[in-house]
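Thanks for coming, everyone. Have the viewer open and follow along.

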Amino acid sequence: MAALLRGLRAGRLLRGLPSVVAAPASTNQQCSSLRRSFHCAALRLQDESKSDKSSASSSSSSSSSTTHHEHYQAHSSHQDTEAASQQDPDPNSSDREQDEEYETEEQLQAQILAAALEFVPLYGWSMEAIAAGAESLGLSSASTGMFPNGSGDLVLHFISQCNSKLTEILAEQHNQVQLGQAERKKTADFLRDAVETRLRMYIPYIETWPQAMSILLLPHNIPDSLKHLSTMVDDIWYYAGDRSTDMNWYTKRAVLTGLYNTTELVMLQDSSPDFKDTWAFLDNRIQDVVNMATTAKQMQSTGEAVAQGLMGAAVTLKNLTGLNQKR
Amino acid sequence: MHRAAHTALCDWPQFVKPAMIRQSLRCTGSLQTSSRAYSVIPPPRDREEEEMMHRMLRVDHAGEYGANRIYAGQMAVLGRSRTGPLIQQMWDQEKKHLAKFNEILAENRVRPTALLPLWNLAGFALGASTALLGKEGAMACTVAVEESISEHYNSQIRALMESDPERYTELLQMIKEFRDDEMDHHDTGLEHDAESVSVFLIFALDDRLLNKNISKGSVVLNN
């Protein structure tokens, strides 16, 4: 996996060294210009990926560093002095190299998964889609080895992408309200719009979505999928204006989770044009929740009034029987 | 120099992650709820610090909520006695603390503890039952509770000072202020006859055990 990455980066390095490639075998005059151009190229390399310089010096990556050395040596005979100067033992290099690789690897994985999404309607949420995605980026289909939990990774990546998009949309709407360019929506409408927006992101993949849902229910994927679900619900409530710090925090999020999950299931079986039935179902459920909340509030105020009445009756009795006198 | 570039380079990609997008967008949300331009809690550097902060705030919020309910229980019994006004005064200060923590939790999107109903009942029960033993009982309960709360705040102050006092200046100031208020309550309890020996001894031991377990349990469970 690491060797694959270095091979990929070597390919990029080759593309990024036009000045060095263009230089012929050296004379003294050309040596200095070569060295200068090599320094420029080296600086560019430094910007791209610091680890390549340090990988030349770290002994743990001997095989790929020799590859790099060969590439450099093929282009310039003053390679050795340059390589020697690059081999400064850098105490931070191994840490930096590991961190750099980690970051680049994540980005690479994200790119492959994003490309694989195009092939999902064709191959489903599977390793084949990831392989096809990798190939469409010009990488070997063996890069599926980077994804031991292949289909799970793909679905989770898609979901986190959808959540980020939703958060952006909600934040944008929030800004609009702050700037006074838009009206503040009522909570019920806000929730309805947020859930609808989020579920609409599934429409291009709706054929294969049952498969995706079953993948999310696999035991090793459940923690991640629950985390994504809970952050999404928390985001929606936050932008709806919820700032509660008591049990309401939990009940509200539980209600929205139920709302979202049931609507998602309805959407899977909906065949009406533009999923009209799903949105109607969503409307009805939100109405139910609003009614329940109103009823709960009414019950609470009734209960308080009754309690006060009883207390009043008790105090009256105590007064009548003389128990309330201070002794 | 290398380390600075290293940390800058390594911290930067973190800002691209969705969680960080969410956090940077969080600032726009907080403008709505608070007119202050700054927050008591500094924006977290990474996931770990965020977790640590949230845990601390959650426990503190639970503690203030519990203290609130304890005083409520005491007032329910002794509200109309001579110590009523005194307890009411202490309760009002606790209410201010709770309000402050509510504000901080809302601003920083901290999840409140799921055990709130438990602290509600337990606190009220503790306050009411100690108040039933009379003024000395209530004061002994106050002394024990406030002592353990002060100890808890002190250990938090120590932890924050050890890690980075400059970064957490406002938070430290706030916690110190609250700790001083709690110490005042503790001293008030002592002044008002909490020291009638038998009651105090029995009480303080039991209460301290109970409260230490509650606070330790809350730290463990609330996480």
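Predicted model: local features only at pLDDT ≥ 70, side-chain atom pairs only at ≥ 80, totals over all residues.

Now the fold. Chain A has 15 helices and zero strands. It has 327 residues, and 40% of them count as buried. Take the contacts in chain A between residues at least 6 apart in sequence: 70% of these join residues at least 24 apart.

Where does Phe190(A) lie? It lies in helix H11 of chain A. What does Phe190(A) touch, leaving aside neighbours within four places in sequence? The list is Leu170(A), Gln173(A), Lys185(A), Ile236(A), Tyr239(A) and Ala240(A). Look at that last partner. Phe190(A) and Ala240(A) sit 50 residues apart in sequence, yet their C-alpha atoms are 6.4 Å apart in space.

Next, the second largest pocket. It holds about 700 Å³ of space. Its lining has 22 residues, and the closest to the centre are Trp237(A), Lys252(A), Val289(A), Val290(A) and Ala293(A). Which elements give two or more residues to this lining? Four helices of chain A do: H11 (187-200), H13 (222-240), H14 (247-268) and H15 (276-321). H15(A) gives the most, with eight residues. By class, the lining of this pocket splits into 14 nonpolar, five polar and three charged residues.

I'll show you the second largest cavity, with a volume of about 80 Å³. Which residues line it? From chain A, we have Asp234(A), Tyr238(A), Asp242(A), Arg243(A), Ser244(A), Trp249(A) and Arg253(A). From chain B, we have Leu105(B), Ala106(B), Arg109(B) and Val110(B). So both chains contribute to this lining, because a lining residue is one with an atom within 4 Å of a cavity point. H13 and H14 of chain A, together with helix H4 (84-107) of chain B, each supply at least two residues here. The classes in this lining are five nonpolar, one polar and five charged.

Asp274(A) is not a glycine, but its phi is positive, about 55°. Phe275(A) also has a positive phi, near 55°, and is a residue other than glycine. Asp274(A) lies in the loop between H14 and H15 of chain A. Phe275(A) lies in the loop between H14 and H15 too. Are they buried or exposed? Asp274(A) is at 47% relative accessibility, so it counts as partly exposed. Phe275(A) is at 12%, so it counts as buried.

Last, the cysteines. How many disulfides does the structure hold? Zero, over all chains. Cys162(A) has 1% relative accessibility and counts as buried. Cys141(B) is at 0%, so it is buried as well.

Let me recap. Chain A has helices and zero strands. H15(A) gives the most residues to the lining of the second largest pocket. The second largest cavity has lining residues from chain A and chain B. And the loop between H14 and H15 of chain A holds Asp274(A), with its positive phi.

That's my tour. Over to you.

Key. Residues numbered from 1 in each chain as written. Chains lettered and ligands numbered in written order. Heavy atoms only, no water. Disulfide = S-S within 2.5 Å. Buried < 20%, exposed > 50% of the residue type's maximum accessible area, 1.4 Å probe, protein only. 1 Å grid on protein atoms, 1.4 Å probe; cavity = no way out; pocket = protein on both sides within 12 Å on 5 of 7 lines; lining within 4 Å. Points joined across faces, edges and corners; volume = space filled by probe spheres on them. Nonpolar A, V, L, I, M, F, W, Y, C, P; charged D, E, K, R; others polar. Contact = heavy atoms within 4.5 Å.
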